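Visitor: I have not seen this structure before. Please take me through it in a few questions.

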Amino acid sequence: MTRRQTVAGAAAFSAASFTRSPAMAQTAPDLILSNGKFTTLDRSRPTADAVAITGGRFSAVGTAAEILPTAGGQTRVVDLRGRRAIPGLCDNHIHVIRGGLNFNMELRWDGVPTLADAMAMLKRQVANTPPPQWVRVVGGFTEHQFAEKRLPTLDEINQAAPDTPVFILHLYDRALLNAAALRAVGYTKDTPQPPGGEIQRDAAGNPTGLLLAQPNAGILYATLAKGPKLPFDYQLNSTRHFMRDLNRLGVTSVIDAGGGFQNYPDDYAVIERLHADGQLTLRIAYNLFTQKAQEEKDDFLRWTSQNKYQQGDDYFRLNGAGEMLVFSAADFEDFRVARPDMPPQMEGELEAVVRILAQNRWPWRLHATYDETISRALDVFEKVNADIPLQGLHWFFDHAETIRDENIERIAKLGGGIAIQHRMAYQGEYFVERYGHGAAENTPPIRRMMDAGVKVSAGTDATRVASYDPWVSLSWLVTGKTLGGLRLYPERNCVDRETALRLWTENTTWFSNEEGKKGRIAVGQLADLAVLDRDYFEVPADDIRHLQSVLTIVDGKPVYGAQEFADTAPPPPPAMPDWSPVRTFGGYHKQAAGARRTTVERVAAASCGCAQACPVHGHDHATGWATAVPTRDARSFWGVLGCACGAV
């Protein structure tokens, strides 16, 4: 539906078409949001300017004139001041449970515009980090987002941090470790090369600090796992901060895809405690990821006997198996190296697991980057389907960047889906370098998937191979561009803004078997929505990736507020530990509405993590801050911010 059709559809509704639940006539709403521009994604009522929420669900959608008179003495009324409101965003593939355990320990380079900015942040965090802790930059960025179009050198990292261990993960292709980190993990000239990876060495055989996936990312996983971990109470706090940063970006639901070195049930204790204590601010449907090679069948036999598919509630529930079903089917997505061929035992091992899942009516998801892997997996799925019909199981492939039309049709025939993510926004340049611009034009072929009738939704694959910011994904879907500005897709493989939004909302509900329950602003659906700082449908396409929420509501309750809504939602507890990068830099680095501000200004405005404290006023921003000089030099970058009082 085009925006013109949307407006025309809205105009066709009279006051008599006011939509509300029967219960509303007897019960006053808990919350009314008025004076907004609501994009409902409900085709029967595509727009509205007010909604009512009762008992955690939308109870009325219409006009302020219709809904405001229904307020009772306890009804909270919020004026949205003409801002755009959308259904809450749902990420179809994220590693939020694993990411939450570590979020407070990680320095985020997500969205940082220059390498100079990033290195200045690194230096400051090195000064804040006590021994034996590490400074970790764990994915979520690409060298192509930097103005300098490069990563830091090992010499630069060692100069910035001579004594504090530093680990920097770039996508799933490499990690950079300084000398202190090499000492901490114990890598020496005698350390053997890992299978499928490389510890780069100098002429004398000593590790340099560069770790490479060739293409197996196991060496990257394993090295990161050697670092200190947060205590349980700190992990609770860390997960709350990660959820809050997702709320800041308008995310209200996620499907967790498990992850390497994420053990079930041990590593789920934190998220289960938060759920039990009523502290989840995201709805989480989670998939179980096999734990150890050659023991995959045992994992799923045990899990399907001990757990029931969809056990839980609307906040936390089991969503099935994957994204890893068997290790022999894992085709790593590092486009800097050649496509890996899956081993000959893949089909037999995969079939054994899929039969267990099909017999127990558990859906599954399968990581598959390349068409060759998808084709072999479909051979297995079709074989199982001949004995145990898969009809009604919401199974799907993840990623599918190079899938061909033939396999799209096979998926459609079997009733499966494809969950796409914006990994190409981070790795598109590498794909083009290896395979050429022509091959990159349909990576993945989003339009063809939808035209074939396959269920399709969108997500991020955060936190390591890409960032968790949904607006980078929405921008990529609409513009076809990488974060580095490279145009990958012709117009025929891009989608319009409304379609992109549906891929991030109502379409995702099929992948968690929640169709009709959420994803739209419609009477009876779960009351999850985001109010945006700028109008998604009006900003220039290249500015979509800079959007964020100023008010996020989950289950009818505000979970995040900013600007004029700052007092609407309760603040989070201080980030733990006190040296956490979150206290200084927050999470994803966003360009604010209006001026194109430097990272220093964003840090000061967002988290009071000032580069320099005024000796007179300390961190009192009420005094005002001078404009930072847009220099690329890291030293001057941190030295130019000054207080309006003139003291610094």
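This is a predicted model: local features need pLDDT of at least 70, side-chain atom pairs count only at pLDDT 80 or more; totals for chains, interfaces and linings use all residues.

Visitor: How many helices and strands does the chain have?
Guide: The chain has 648 residues, and buried residues make up 61% of them. Its secondary structure comes to 22 helices and 22 strands.

Visitor: Among contacts with a separation of 6 or more, what percentage joins residues 24 or more positions apart?
Guide: The contacts counted here have a separation of 6 or more in the chain. Residues 24 or more positions apart account for a share of 74%.

Visitor: What is the volume of the largest cavity?
Guide: A search of the whole structure finds 1 cavity of 30 Å³ or more. Its lining includes Pro87, Thr252, Arg520 and Asp528, and the lining residues divide into 3 nonpolar, 6 polar and 3 charged. The volume of the largest cavity is about 80 Å³.

Visitor: Is Asp528 buried or exposed?
Guide: Asp528 sits in the loop between helix 19 (508–511) and strand 20 (529–532). Its relative accessible area is 5%, and buried means under 20%, so Asp528 counts as buried.

Visitor: Which residue has its backbone nitrogen 2.8 Å from a polar atom of the Asp528 side chain?
Guide: Leaving aside neighbours within four places in sequence, Asp528 is in contact with residues including Phe58, Arg283, Ile553 and Val554. The backbone nitrogen 2.8 Å from a polar atom of the Asp528 side chain belongs to Asp555.

Visitor: Is Tyr187 buried or exposed?
Guide: Tyr187 lies in the loop between helix 6 (179–185) and strand 11 (197–201). Its relative accessible area is 11%, which is under the 20% limit, so Tyr187 is buried.

Visitor: Which residue has a side chain joined to that of Tyr187 by a polar contact of 2.6 Å?
Guide: Not counting residues up to four places away in sequence, Tyr187 touches Leu182, Ile199, Pro207, Leu211, Ile219, Thr223 and Lys226. One of these also has a side chain joined to that of Tyr187 by the polar contact of 2.6 Å, namely Thr223.

Conventions:
Residues are numbered from 1 along each chain as its sequence is written. Side-chain values use heavy atoms; hydrogens and water are left out. On a 1 Å grid over the protein atoms alone, a cavity is a set of points where a 1.4 Å probe fits but cannot get out, and a pocket is an open set with protein on both sides within 12 Å along at least five of seven lines; lining residues have an atom within 4 Å of a point. Grid points are joined across faces, edges and corners, and a volume is the space filled by probe spheres set on the points. Ala, Val, Leu, Ile, Met, Phe, Trp, Tyr, Cys and Pro count as nonpolar, Asp, Glu, Lys and Arg as charged, and the others, Gly among them, as polar. Helices (H or I, at least four residues) and strands (E, at least two) are DSSP runs, numbered from the N terminus. Buried means under 20% relative accessible area, exposed over 50%, partly exposed in between (1.4 Å probe, protein chains only). A polar contact is a pair of N or O atoms within 3.5 Å; within protein, one must be able to donate a hydrogen and the other to accept it, and residues adjacent in sequence count only if both atoms are side-chain atoms. Contact means heavy atoms within 4.5 Å.
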